[in-house]
Amino acid sequence: MATQGQVITCKAAVAWEPNKPLVIEDVQVAPPQAGEVRIKILFTALCHTDAYTWSGKDPEGLFPCILGHEAAGIVESVGGGVTEVKPGDHVIPCYQAECRECKFCKSGKTNLCGKVRAATGVGVMMNDRKSRFSINGKPLYHFMGTSTFSQYTVVHDVSVAKIDVQAPLEKVCLLGCGVPTGLGAVWNTAKVEAGSIVAVFGLGTVGLAVAEGAKAAGASRIIGIDIDSNKFDIAKNFGVTEFINPKDHDKPIQQVIVDLTDGGVDYSFECIGNVSVMRSALECCHKGWGTSVIVGVAASGQEISTRPFQLVTGRVWKGTAFGGFKSRSQVPWLVEKYMKKEIKVDEYITHNLTLEDINKAFDLMHEGGCLRVVLSMHS
Ligand SMILES: NC(=O)c1ccc[n+]([C@@H]2O[C@H](COP(=O)([O-])OP(=O)(O)OC[C@H]3O[C@@H](n4cnc5c(N)ncnc54)[C@H](O)[C@@H]3O)[C@@H](O)[C@H]2O)c1
Ligand SMILES: N[C@@H](CCC(=O)N[C@@H](CSCO)C(=O)NCC(=O)O)C(=O)O
Ligand SMILES: [Zn+2]
Ligand SMILES: [Zn+2]
């Protein structure tokens, strides 16, 4: 039966309130309006950021909402004026849009895009400032402009990357967030050079992708720091050469690293979202040139601090969103790199479940050894 132009009723995991179990509900998904695309989501993974917003600590977190932002699917229908994708195209929804027209997109200096950010930050679509999701007339907020914990979602056309139809969607869904973020933090934001010494704080998917990117860039040492020693074995496969569990040391972790590296690392990456670790990551950098990149997302009210002397003496503090990748242009390129076996994806998937098991999937995220859980949305 043709669904184009019709409201679709489908299953979605609804976050009614912060921290309360998600509820699988029948939700109504309105047809896409001008400049919008309705996508049948086939697979979605869970990222730490979903757990963060669900926790209620995200100042942009609005409830009730449909979370999820690391997914892949097939275009079901498009609204007026949409020219770059059509029904049947295989796509990855991108929370970081790329309109190619705004001040940000044209700057050549950033991957951030200003076209739809104001709407996605308040959980609505730009066209009419309303949601396309509802339950019996009661609207549900969108999340990050993606809301992939739904069998169907509506996104802005500037937030859709069209990918190779041959790519396995159950794998490349990961290219919607965590893996590109880690790789890009190294390649685009830090621009790590061959021979560099790198420290990675947090060895979840994002941190391991940093390690993978650093290895590809020719780093000579990649020091992995995590409080979960279960991560150490798996991290070797991603290029980590040395491991430190801060719990095994009495000294501040930055001092431990400075002592191990003749004055500090060339590059460090914070992939946790902990502001005190962000300070350690900066302060373990070498005087004169060490650069620290903040990747982790910290809660509302959290602030970073250090002695300004750390920067006066040449250390550089940076941050990255989606690893600096231009989403619509570069996600298809990352998919091609995966197809050519030039980047890992399968190796980050430790669990496969179905949408019904989404609460179990969030529980697994907090267990040792878990990287990405991929949910099949229609089985
Ligand atoms: N900037 C971006 O564009 C972007 C994109 C994706 C994710 N993120 C953020 O990156 C972070 C990592 O995401 P993820 O999905 O890999 O998360 P994750 O939960 O899978 O991994 C975090 C890792 O940090 C470790 N850890 C926790 N506290 C620690 C501590 N005090 N010291 C050392 N290790 C510690 C955990 O054991 C875990 O291995 C999150 O904050 C997420 O919100 C940011
Ligand atoms: N609403 C959050 C912002 C969180 C945040 O920084 N998000 C990252 C992506 S995390 C993906 O897992 C990001 O891209 N930020 C840039 C942007 O949101 O435009 C908060 O306010 O804490
Ligand atoms: Zn994410
Ligand atoms: Zn733009």
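1. R100 sits in the loop between β5 and α2, where helices (H or I, at least four residues) and strands (E, at least two) are DSSP runs numbered from the N terminus. Its phi is near 70°, a positive value in a residue that is not glycine. R100 counts as partly exposed because its relative accessibility is 38%, which falls between the limits for buried (under 20%) and exposed (over 50%), with a 1.4 Å probe and protein chains only.

2. A word on the basis of this note: the model is predicted, so that local features need pLDDT of at least 70 and side-chain atom pairs pLDDT 80 or more, while totals for chains, interfaces and linings use all residues, and side-chain values rest on heavy atoms, without hydrogens or water. Residues are numbered from 1 along each chain as its sequence is written, and chains are lettered from A and ligands numbered from 1 in the order in which they are written.

3. A second residue other than glycine with positive phi is D262, whose value is near 55°. D262 belongs to the loop between α8 (253-260) and β13 (267-270), and because its relative accessibility is 71%, D262 counts as exposed. A further backbone point is the peptide bond between F63 and P64, which is cis, with omega about -5°; P64 itself lies in the loop between α1 and β4 (70-78).

4. Which residues come nearest to ligand 1? Among the 28 residues around ligand 1, these are T49, D226, K231, T320 and F322, a residue being near if one of its heavy atoms lies within 4 Å. An N or O atom in the side chain of T49 is 2.7 Å from an oxygen atom of ligand 1, a polar backbone atom of V295 is 2.9 Å from a nitrogen atom of the ligand, and a polar side-chain atom of R372 is 2.9 Å from an oxygen atom of ligand 1. On its own ligand 1 has 870 Å² of accessible area, and the protein covers 87% of it (Shrake-Rupley method, 1.4 Å probe). The elements that contribute two or more residues to this shell are α1 (48-54) and α6 (205-216).

5. D58 brings a polar side-chain atom to 2.8 Å from a nitrogen atom of ligand 2, and E60 brings one to 2.6 Å from a nitrogen atom of the ligand. On the oxygen side, R117 has a polar side-chain atom 2.7 Å from an oxygen atom of ligand 2. Taken alone, ligand 2 exposes 530 Å², of which the protein buries 74%.

6. The structure holds 6 aromatic pairs, meaning ring centres within 6.5 Å, with planes under 30 degrees apart called stacked, over 60 edge-to-face and the rest tilted. One of them is formed by Y95 and F322, an edge-to-face pair with 5.5 Å from centre to centre and 75° between the planes. This pair joins distant parts of the chain, since Y95 is in the loop between β5 (90-93) and α2 (103-107), whereas F322 is in the loop between β15 (316-319) and α11 (327-339), 227 residues apart. Both Y95 and F322 are buried.

7. Why is the pair of F325 and W333 called tilted? Their planes stand at 50°, and their ring centres are 6.2 Å apart, so the pair is tilted. Elsewhere, ring pairs link W54, F149 and F362 into a cluster.

8. Is A190 buried or exposed? A190 is placed in helix α5 (residues 178-190), and because its relative accessible area is 9%, A190 counts as buried. The C-alpha atom of A190 is separated by 13 Å from that of A211, which is 21 residues apart from A190 along the chain.

Definitions and conventions. Polar contact = N/O pair within 3.5 Å; in protein donor to acceptor, adjacent residues only side chain to side chain.
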